[in-house]
Amino acid sequence: MSDAILKIKNLKIEFKSGKETVQPIRGVNFELKKGETLGVVGESGSGKSVTSLAIMGLLPERTSKIVDGEINFKGNDITNLKEKQYRKIRGNEISMIFQEPMTSLNPVFTIGQQLSEPLRQHRNMSKKEIEKAVINVLNQVGIPRAEQIINEYPHQLSGGMRQRVMISLALLCEPDLMIADEPTTALDVTIQAQILELMKNIKQENDMSLLLITHDLGVVAEMCDRVVVMYAGEIVEVAEINELFNEPLHPYTRGLIDSMPTQNTRKERLYSIRGQVPRPNEITKGCVFANRCPLAFSKCFEETPPVFARDDHLSKCWLQNTKEGEVV
Amino acid sequence: MAEEALLQVNRLKKYYGISQGLFKKDIIVRAVDDISFTVHRGETFALVGESGCGKSTTGKTILRLTEPTEGEVIFNGTDVATLQYNDMRSLRQQMQMVFQDPYASLNPKKTIKQLLMEPLRVHKKFKEKERLQKVTEMLDIVGLSKEYLDRYPHEFSGGQRQRIGIARAVILQPDFIVADEPVSALDVSVQSQVINLMLDLQKEFGLTYLFISHDLSVIEHMTDRVAVMYLGKIVEVADTETLFKDPKHPYTQALISAVPISHPAENKERIILKGDVPSPANPPSGCAFHTRCPFAMDICRQKEPETLLFEDGHTATCHLYTTKSREELNYVTSDSK
Ligand SMILES: Nc1ncnc2c1ncn2[C@@H]1O[C@H](COP(=O)(O)OP(=O)(O)OP(=O)(O)O)[C@@H](O)[C@H]1O
Ligand SMILES: Nc1ncnc2c1ncn2[C@@H]1O[C@H](COP(=O)(O)OP(=O)(O)OP(=O)(O)O)[C@@H](O)[C@H]1O
Ligand SMILES: [Mg+2]
Ligand SMILES: [Mg+2]
């Protein structure tokens with residue numbers, strides 16, 4: 001597809017801890033089209049944050065390594081970019097909202113100081129212009145009394161306001177791509193509803209592409225055009241949003257949807273996927289989901305399935321085995 | 001269900017004083033501010049509300065893990081708040097707690113066997129020889145193998161740890177369990193496993209739960225009645241089904257409308273609340289919700305609303321209903337307390 005702004009091809013990432021090497025990202029493929037909101041869902045440890053850090057060029061240098069694959073942004077391979085070149089992209093063309101709002105704002109600088117930084121770095125603007133732009137962006141995310149807030153410190157703000165500041169920080173340089181890693185997980189439902197509404201509006205106004213990482217299928221249903229389902233460091237399914245909910249092809253996706261309380265009769269036992277996600281060092285041959293899959297057969301324990309395609313709907317499961325649909 | 005009251009909470013208050021240094025007055029945080037409710041034997045009673053509204057404080061005060069500032073907690077006919085230490089300790093056998101964070105709530109230096117034997121020993125439950133047998137049975141009930149007996153908490157996943165926490169609470173065969181966000185820290189697939197375990201145990205042992213959560217879809221699924229809290233107060237109580245079908249309080253309405261949809265084709269009418277939850281150290285005057293309420297009237301700023309009874313034990317504390325029948329919305333009644 002030519003209208004893709006971001007392409008991840010066969011990405012593999014290793015971590016070294018002590019003598020041990022683990023590979024929590026084991027062949028990730030997906031594309032983000034210009035202007036779309038792509039959801040990445042998956043349980044804790046499935047590799048969502050590591051994948052997004054890789055896109056931002058923020059993997060820990062000493063302990064991690066991209067051992068294979070390519071990250072392509074607007075037609076350029078950015079996989080092995082030097083830090084100096086990455087700085088031109090980061091916070092400018094691609095920006096990110098991190099999972100932990102408190103840890104990603106620096107407690108010793110005022111909100112104004114922190115919001116000025118990217119503009120100082122990437123734009124040739126006067127002090128006055130910068131302040132105006134900062135107040136403007138704070139207004140855009142619905143922060144009241146922006147003129148005062150710029151002189152306040154992160155701890156003086158509520159969780160919801162901090163998350164708004166994070167969003168405004170990510171918006172400052174009008175990026176082409178915004179990555180939001182669990183942007184509302186730490187927030188209350190009423191505040192979550194505010195922030196999601198805000199992100200929808202901003203995306204529309206700014207002609208931006210959004211990569212939205214979450215473990216909450218409700219948030220996905222609310223926000224996304226397409227969805228990538230991750231499991232144990234792999235992409236197991238990719239589908240258009242309605243198709244994903246109406247006709248999930250991978251048994252893991254089906255299990256996730258079936259275990260939503262709203263999909264079950266009140267007061268009865270919930271559908272549940274037995275067992276738990278394997279840790280990176282527990283993965284053996286065959287399909288990563290086989291040991292928890294209610295539909296697994298002998299082949300699933302022997303051979304890793306390739307990705308099968310039904311039009312744009314991809315799934316990595318032997319149940320989809322109809323020779324012609326095979327992609328890899 | 002025969003509605004026998006197992007727990008009655010009457011006008012309970014828990015204030016925390018936060019010192020501001022030598023010469024300044026303490027800040028008073030009204031974490032729980034005059035709440036009353038009744039939990040019936042065998043039911044699951046939910047407390048829902050946003051972060052900081054006082055859910056955990058309510059749970060802890062009921063079990064007297066923290067002392068109430070004022071009010072009564074009547075459990076099975078006994079006022080928990082006035083019990084002496086020893087009596088309280090023996091009552092704890094019947095009242096247990098499951099905590100939110102399965103990582104922080106288990107002592108990392110103890111094996112699973114020690115963690116589960118301890119409450120039996122402390123409360124002198126069962127004969128010494130039978131205890132290990134009981135522990136293995138309990139592990140089996142919560143779906144863990146007895147091979148795990150000599151392992152330490154850090155060797156388990158979050159879901160497994162939460163099962164251990166539940167086993168530890170249930171092993172004393174209590175009547176009543178306060179479950180404080182028991183599934184919030186867990187992944188979707190593990191969350192449903194733990195909810196199922198709680199449903200099974202309730203059936204098997206006739207347990208009564210006070211279920212604390214901010215997740216409305218979990219509450220809708222597994223509870224019988226719900227109390228909605230806002231800034232230390234209860235604003236609405238109803239049967240779970242009634243609450244979701246016919247929420248009376250504007251805050252409850254907003255809360256329910258804020259829950260994400262469960263299918264992309266679903267179209268949901270949203271009430272987006274403005275602003276953030278105010279601080280319980282400095283709550284707004286009148287009705288504490290008036291600063292965010294889309295229907296706020298003059299009276300809401302001035303006077304605290306009374307609790308009104310609708311049908312079947314459905315109550316709401318809101319001026320919309322106290323003033324509705326009156327001609328003038330600004331009419332202030334003189335019976336304020
Ligand atoms: N710096 C690191 N060193 C070693 N292993 C790491 C490091 N960062 C992440 N991992 C491992 O990589 C895997 C994927 O982690 P990641 O943080 O991407 O998960 P996630 O999908 O974002 O989960 P969550 O929903 O909990 O945020 C995990 O097994 C994790 O332990
Ligand atoms: N030990 C304490 N000292 C002072 N203030 C406290 C203490 N414990 C709780 N509080 C305050 O009391 C209020 C209620 O807290 P509580 O933990 O009961 O809320 P909660 O409803 O359980 O919130 P959450 O959903 O975040 O767990 C909060 O404002 C909190 O900061
Ligand atoms: Mg993450
Ligand atoms: Mg709490």
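Buried means under 20% relative accessible area, exposed means over 50%, and partly exposed is in between (1.4 Å probe, protein chains only). By that rule, B:Lys274 counts as exposed, at 61% relative accessibility. This is a predicted model, where local features need pLDDT of at least 70 and side-chain atom pairs count only at pLDDT 80 or more, while totals for chains, interfaces and linings use all residues. Residues are numbered from 1 along each chain as its sequence is written, chains are lettered from A in the order in which they are written, and side-chain values use heavy atoms, with hydrogens and water left out.

**Two residues of chain B**

- B:Lys274 sits in the loop between helix H9 (250-258) and helix H10 (298-302) of chain B; helices (H or I, at least four residues) and strands (E, at least two) are DSSP runs, numbered from the N terminus.
- Not counting residues up to four places away in sequence, B:Lys274 touches A:Gln194 and B:Arg292, where contact means heavy atoms within 4.5 Å.
- Is B:Ser192 buried or exposed? B:Ser192 counts as buried, at 1% relative accessibility.
- You'll find B:Ser192 in helix H6 (residues 188-205) of chain B.
- Leaving aside neighbours within four places in sequence, B:Ser192 is in contact with A:Ser259, A:Leu270, A:Tyr271 and A:Ser272.

**Salt bridges**

- Over all chains, a search of the whole structure finds 34 salt bridges, each being a side-chain nitrogen of Lys or Arg within 4 Å of a carboxyl oxygen of Asp or Glu.
- A:Glu222 pairs up with A:Lys200 in a salt bridge, with the closest N and O atoms 3.9 Å apart.
- A:Glu222 lies in helix H9 of chain A and A:Lys200 in helix H8 (residues 189-206), so this pair ties together parts that are 22 residues apart in sequence.
- A:Glu222 is buried at 15% relative accessibility, whereas A:Lys200 is partly exposed at 33%.
- B:Asp34 forms a salt bridge with B:Arg11, the closest N and O atoms being 2.7 Å apart.
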